[in-house]
Amino acid sequence: MSQSPAFSGWQDVIALVRRAGKDDNDDALLTALLTPDERDTLVARINILHELLEGRMSQRQLSQLLGVGIATVTRGSNELKRMDDETKNWLADLLKREAEQSSSST
């Protein structure tokens, strides 16, 4: 009898995060899964996507604003280029709404 991991692919991770969200424990799961540095990197990545989709600054300016390397910004840009327009528009709307909500609650 061979053993294999219970979670073997990205979709398993997505399903786990969805389940944790339904149980209102997504924060606890993500905190357990990600180190503080990984969480900071994720925040930077979200900001990169948001700013790239807004299109108000160059990649170099964005790199300086967020304190990340230009290669990190370029990787975010390349991921956006791989997305179809519908997904890109959905993501832009989601990030814009969340950014507005976040800034109005502070």
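How do the residues of the lining of the largest pocket divide into nonpolar, polar and charged? There are ten nonpolar, one polar and four charged, with Ala, Val, Leu, Ile, Met, Phe, Trp, Tyr, Cys and Pro counted as nonpolar, Asp, Glu, Lys and Arg as charged, and the others, Gly among them, as polar.

A word on the model: it is predicted, so local features need pLDDT of at least 70 and side-chain atom pairs pLDDT 80 or more, while totals for chains, interfaces and linings use all residues. Residues are numbered from 1 along each chain as its sequence is written, and side-chain values use heavy atoms, leaving out hydrogens and water.

Here are the two pockets (open sets of points on a 1 Å grid over the protein atoms alone where a 1.4 Å probe fits, with protein on both sides within 12 Å along at least five of seven lines; lining residues have an atom within 4 Å of a point).

| Pocket | Volume |
|---|---|
| Largest pocket | about 650 Å³ |
| Second largest pocket | about 430 Å³ |

Closest to the centre of the largest pocket are Trp10, Val17, Leu30, Leu34 and Leu42. Helix 1 (10-22), helix 2 (26-33) and helix 3 (36-54) each give two or more residues to its lining.

Leu42 also lines the second largest pocket, along with residues including Arg45, Glu79 and Trp90. Helix 6 (85-104) provides the largest share of that lining, five residues.

Now to Ile48. Leaving aside neighbours within four places in sequence, Ile48 is in contact (heavy atoms within 4.5 Å) with Leu62, Leu66, Val68, Thr72, Val73 and Gly76.

Note on methods
Grid points are joined across faces, edges and corners, and a volume is the space filled by probe spheres set on the points. Helices (H or I, at least four residues) and strands (E, at least two) are DSSP runs, numbered from the N terminus.
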